[in-house]
Amino acid sequence: MKNLSKLILTLVFLISCLCNVIAQGNQPTTYFTTEEMPDLIQCLPAPPDSTSEAFSYDVLRYMWGKMQRYDTERAEMAKRDAVWSYEALLAELSVPFGLEISEKGTPEIWKLITNSLATVDQMRVAPKAYYHRTRPFVYFHEEPFMESDKEFAGEGSYPSVHTIRCWTSALLLSEINPEASGAIFSRAWLYCENRVITGAHWQSDIDATRSGASIGYARLQTSPEFQKQMAKAQKEFKKLVKNKKISQE
């Protein structure tokens with residue numbers, strides 16, 4: 001009986017270890033370290049001073065964003081776009097991309113995007129800590145439109161990580177499917193703008209971050225591993241689209 005118990009415990013331990021290995025294997029890896037990525041403090045301008053004309057525009061856009069919340073359709077979109085996960089982001093961009101993106105259904109595309117986002121995400125750490133810009137809803141002493149944004153109240157708003165992820169994803173997906181680039185960027189623009197509507201970011205945060213994401217994307221292009229994965233993603237896309245067309249005939 002004791003031997004049986006030991007055997008069971010051993011099997012449980014081995015299964016647990018195997019699950020951990022599998023889980024770790026599914027985690028995104030980066031193409032470059034933080035130090036190897038561009039420094040956005042050097043690349044981007046500082047956030048607008050509170051006495052500047054640019055900040056006055058930020059305030060006007062914040063007020064505009066609050067008015068958009070009365071548009072039910074736009075408000076619902078803003079709520080969806082506030083969800084912090086790769087799955088939620090790619091579910092939205094899958095529509096203009098023309099193909100559902102998922103870890104199981106499009107493994108090569110998923111790997112390319114998640115590894116790329118994990119790489120580019122690193123660039124936001126230094127400027128967020130350096131500027132520590134107050135978020136709009138905190139500045140105006142108001143409740144955030146999204147309850148989930150409360151946990152980011154003490155985190156700097158510049159740059160916007162939602163925007164980094166979305167704009168980088170749009171650049172990646174447009175390289176995979178150039179014909180859909182117009183629709184992809186149109187949706188990505190609204191996604192980024194929705195962070196103004198929720199009051200989590202200033203307009204200048206969004207504008208600068210789109211440039212920051214493009215800088216990170218340019219750096220990705222210099223990685224041989226990225227280029228290999230991009231080729232795999234493009235091949236997967238063409239194959240799936242071809243099969244989809246055949247199944248519809």
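I started with H132, which sits in the loop between helix 7 (125-131) and helix 8. The model is predicted, so I kept to what it shows. I looked up phi for H132 and found a positive value of about 40°, although this residue is not a glycine. Is H132 buried, partly exposed or exposed? Its relative accessible area is 47%, and with over 50% needed to count as exposed, H132 is partly exposed.

Next I moved to the loop between helix 8 and helix 9, where I found H141. Here, too, I checked the backbone: phi of H141 is near 55°, a positive value in a residue other than glycine. I then looked up the surface of H141, and its relative accessible area is 74%. That puts H141 among the exposed residues, because the cut-off is over 50%.

I stayed in the loop between helix 8 (136-139) and helix 9 for P159. Which residue does a cis peptide bond join to P159? I found that the partner is Y158, and that omega of this bond is about 0°.

My last entry is for helix 9, which covers residues 161-176 and so has 16 residues. I took the span from its first C-alpha to its last and got 23 Å, close to the 22 Å expected at 1.5 Å a residue. How many of the residues of helix 9 are buried? I counted 15 of 16, so I noted helix 9 down as mostly covered.

Notes
Residues are numbered from 1 along each chain as its sequence is written. This is a predicted model: local features need pLDDT of at least 70, side-chain atom pairs count only at pLDDT 80 or more; totals for chains, interfaces and linings use all residues. Side-chain values use heavy atoms; hydrogens and water are left out. Helices (H or I, at least four residues) and strands (E, at least two) are DSSP runs, numbered from the N terminus. The expected span of a helix is 1.5 Å times one less than its number of residues. Buried means under 20% relative accessible area, exposed over 50%, partly exposed in between (1.4 Å probe, protein chains only).
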